[in-house]
Amino acid sequence: MVLKSLAAVLLVSGLVSGLALSACGDDRTAMSSGKGGPEGKGGGPESLPAREVKVARVETASLARTVAVSGTLAADEEAELGPKVAGRLASLSVDLGDTVRKGQTLARLAPTDFELRIRQAQNAIDQARAQLGLPADGPLQVVDPQDTAVVKQAAANLNQARLTRDRMARLFDEQLIPRQDLDAAEAGYQVAEARYQEGIETARSRQALLGQRLSELAIARQQLSDSIITAPFDGRIRERSASVGDYVAVGQPVLVLVRVHPLRLRLEVPEREAAGIRTGQAVQLTVEGEEKPYPGRVARISPALREDSRTLLVEAEVPNPAGLLRPGSFAKAEIVTQTGEPTLLVPVSAVISFAGIDKVLGVEDGKAVEKQVRIGRRSDGRVEILDGAAAGDTVVIQPGNLVGGQPVTVNSSGNSATAPSTAIAP
């Protein structure tokens with residue numbers, strides 16, 4: 001019984017294997033006869049329908065060599081403005097965002113205290129002038145000590161002491177007075193001479209005191225001037241940190257002023273590109289939210305690289321007369337290191353990039369021809385061709401799904417060598 005079952009199983013397996021081999025043979029026959037394989041649907045690219053395309057020529061043109069970097073816009077100058085003297089803020093004539101001119105009055109402290117100090121210093125000057133014998137409203141001048149009252153009085157006393165001593169000396173010689181009287185006259189003369197010298201020194205001291213009083217008056221007037229905050233340069237108010245009525249200490253910031261024309265663009269250039277950077281080179285920058293490029297120039301270059309990042313700090317000067325650019329904005333920039341360099345250019349839309357391979361499609365004998373190329377820089381909708389194409393070659397603009405070997409017809413209307421065009425789909 002077991003033998004009969006095993007024989008039945010082997011018979012069924014043989015029939016299934018025969019049917020499978022028969023089916024495989026039929027499939028191979030059908031594929032070889034062109035009825036079921038891919039070639040039976042139309043063959044190679046030559047059998048595809050013809051595409052109407054627009055073309056451009058590979059041009060030789062000048063393309064600037066640039067270094068792409070990013071950086072931050074900063075104010076050309078920024079100043080925290082505060083008074084040089086302490087006082088109560090009496091007026092504030094500007095606010096956040098206001099445009100100011102150099103020398104414009106921005107804020108004032110209450111002037112009462114400073115005006116009183118000026119009067120006090122003026123009174124002290126009048127007192128010093130009077131001690132020198134000068135009139136209160138006369139011109140300031142250096143007084144000869146011999147012309148002062150204190151010296152004149154001392155000179156008169158000295159002269160009188162001299163006469164007395166000389167008379168006592170004659171009387172002593174005639175033995176009419178004792179030695180004691182002569183010694184007293186001599187001592188009186190010496191005292192008078194010392195007082196005369198003291199008078200001269202007093203006159204000189206009063207002259208110096210007058211100079212001190214004049215300096216005090218100048219300081220008082222300067223303090224009154226320092227109580228007024230003026231703009232040191234043209235700019236705009238970035239910050240206001242005080243209000244009228246606040247007591248302001250010496251040097252306490254009241255306003256922050258920034259110069260917005262021109263601006264400084266601070267860039268960090270990689271070490272490998274640093275050798276080509278020079279002052280005066282053109283810079284094109286864009287900021288977030290705006291597609292319009294702004295021009296600038298490299299103005300300052302750091303003498304050393306930063307060790308932590310291996311970058312070179314470069315500052316560009318960016319004109320900003322309309323104030324459209326704002327300090328603190330992030331900017332992308334291109335530094336033009338070389339200008340007028342001839343190279344091959346094609347429209348960006350003519351290049352197909354896939355899996356790290358770049359190629360273009362040309363037209364030869366009515367068919368599309370693939371050419372592998374090596375591309376370089378991009379600028380204004382064009383891309384540089386470093387290898388794989390020659391000047392004057394024809395390339396298809398926006399080839400889409402066009403493949404090499406497919407028949408094409410060139411649409412001669414609107415062909416351009418520099419501007420991309422829209423290809424017509426089959």
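User: What should I know about the numbering and the model before I start?
Analyst: Residues are numbered from 1 along each chain as its sequence is written. The model is predicted: local features need pLDDT of at least 70 and side-chain atom pairs count only at pLDDT 80 or more, while totals for chains, interfaces and linings use all residues, and side-chain values use heavy atoms, with hydrogens and water left out.

User: How many salt bridges does the structure hold?
Analyst: Side chains of opposite charge can pair when their charged atoms come close. Here the structure holds 17 salt bridges (a side-chain nitrogen of Lys or Arg within 4 Å of a carboxyl oxygen of Asp or Glu). One of them joins Glu 315 to Arg 300, with the closest N and O atoms 2.7 Å apart. Glu 315 lies in strand β14 (residues 311–318) and Arg 300 in strand β13, so this pair ties together parts 15 residues apart in sequence. Strands here are DSSP runs of E, at least two residues, numbered from the N terminus.

User: Is Glu 315 buried or exposed?
Analyst: Glu 315 is buried at 11% relative accessibility, whereas Arg 300 is partly exposed at 30%. Buried means under 20% relative accessible area, exposed over 50%, and partly exposed in between (1.4 Å probe, protein chains only).

User: Which residues are linked with Arg 300 and Glu 315 in a network?
Analyst: Asp 76, Glu 77, Arg 259, Arg 264 and Arg 266 join them in a network of salt bridges.

User: What is the strand order in the open sheet of 4 strands?
Analyst: Strands of a sheet pair through backbone hydrogen bonds, either parallel or antiparallel. This open sheet runs β8-β7-β5-β10, with antiparallel pairing (two strands pair if DSSP finds at least two bridges between them). The edge strands, β8 (228–230) and β10 (247–248), each pair on one side only.
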